Amino acid sequence: MKIVLVGFMGSGKTSVAEIVANDLSLKLIELDREILTKTEYASVAELFKAEGEQAFRKIESELLEKTLDEDDDFVLSTGGGILANNYNLLLLKESDLSVFYLKTSFNNIKIRLADDKSRPLFLDLNRAQSLYQERQDRYQEVADYTIDTDIFSIQQVAQEIKLILCQ
Ligand code: S3P
C-alpha cells in the first residue's frame, strides 16, 4: 500500500501520516525531513535562506521521484508546495498510489500556524493566502480522496484514511 498526503501548510499531513504509518505498519516518509537529511540544513527556513526556494524545489522534486520509485510500501507526507511543479503534479496524478488531500480552510490554517515562524512561505499572510488560492485546484486534481480536516481531529482524519483504505 502506497499512500500520499497532500495539502496546504498546517493541514496536519505530518501528524496524520505518523499515525497512519504506525497503525498500518508502513514506512513513514516525510519529504521535508528527507530534504534536510540530504542537504544537512537544520531547517527548511535555513535552506531557503542559504540557497533559495528554487534549490529547495529541485531537491524536493528529485526526492519525490525517488520515493515514488521505491518498491516498499509507504506513507508519504509531502510539503504544501509539492504541486507548484507541473512535473510533480503529473507524477502524482498518473501514479497508482492512494493520494489523500487534507483540505483545511485558510481561517483554520491561520489559527493553527499563528505562532509558527518555521515556514518561510507563511511569514507574509497575504502571500500565503494567494498561494492557498492558487493551489486548491492542484491538490484536488491529484487527489483520489479529499478529507475535510476542519471538522475532524488529527486522529479522526487518520481513522478516516484507514477506513477508506481497508474498505
Ligand atoms: C511549503 C510547505 C512546507 C515546506 C516548505 C514549503 C510550501 O511544508 O515544504 O516550507 O510551499 O507550502 P509543510 O506543508 O509541511 O508545512
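**Entry 1: around the ligand.** I began with the ligand in this predicted model and looked up its neighbours. I found 13 residues surrounding the ligand. The closest are Lys-13, Asp-32, Arg-57, Arg-119 and Arg-135. Sorting the shell by class, I noted 5 charged, 5 nonpolar and 3 polar residues.

Entry 2: Next I checked what the side chains do at the oxygen atoms of the ligand. For Lys-13, I read 2.6 Å between an N or O atom of the side chain and a ligand oxygen. Arg-57 also has a side-chain N or O atom 2.6 Å from an oxygen atom of the ligand. For Arg-135, I wrote down 2.7 Å from a polar side-chain atom to a ligand oxygen.

Entry 3: Where does the ligand sit? I found it in the largest pocket. I noted a volume of about 540 Å³ for this pocket, and 29 residues line it. Nearest the centre of the pocket are Met-9, Asp-32, Val-44, Gly-79 and Arg-119.

**Entry 4: the lining.** Which helices each supply at least two residues of the lining of the largest pocket? I listed helix H1 (13-23), helix H2 (31-39), helix H3 (44-51) and helix H4 (53-68). By class, I counted 11 polar, 10 nonpolar and 8 charged residues in the lining of the largest pocket.

Notes
Residues numbered from 1 in each chain as written. Predicted model: local features only at pLDDT ≥ 70, side-chain atom pairs only at ≥ 80, totals over all residues. Heavy atoms only, no water. Near = heavy atom within 4 Å. Polar contact = N/O pair within 3.5 Å; in protein donor to acceptor, adjacent residues only side chain to side chain. 1 Å grid on protein atoms, 1.4 Å probe; cavity = no way out; pocket = protein on both sides within 12 Å on 5 of 7 lines; lining within 4 Å. Sits in = over half its atoms within 2 Å of the grid points. Nonpolar A, V, L, I, M, F, W, Y, C, P; charged D, E, K, R; others polar. Points joined across faces, edges and corners; volume = space filled by probe spheres on them. Helix = DSSP H or I, 4+ residues; strand = E, 2+ residues; numbered from the N terminus.
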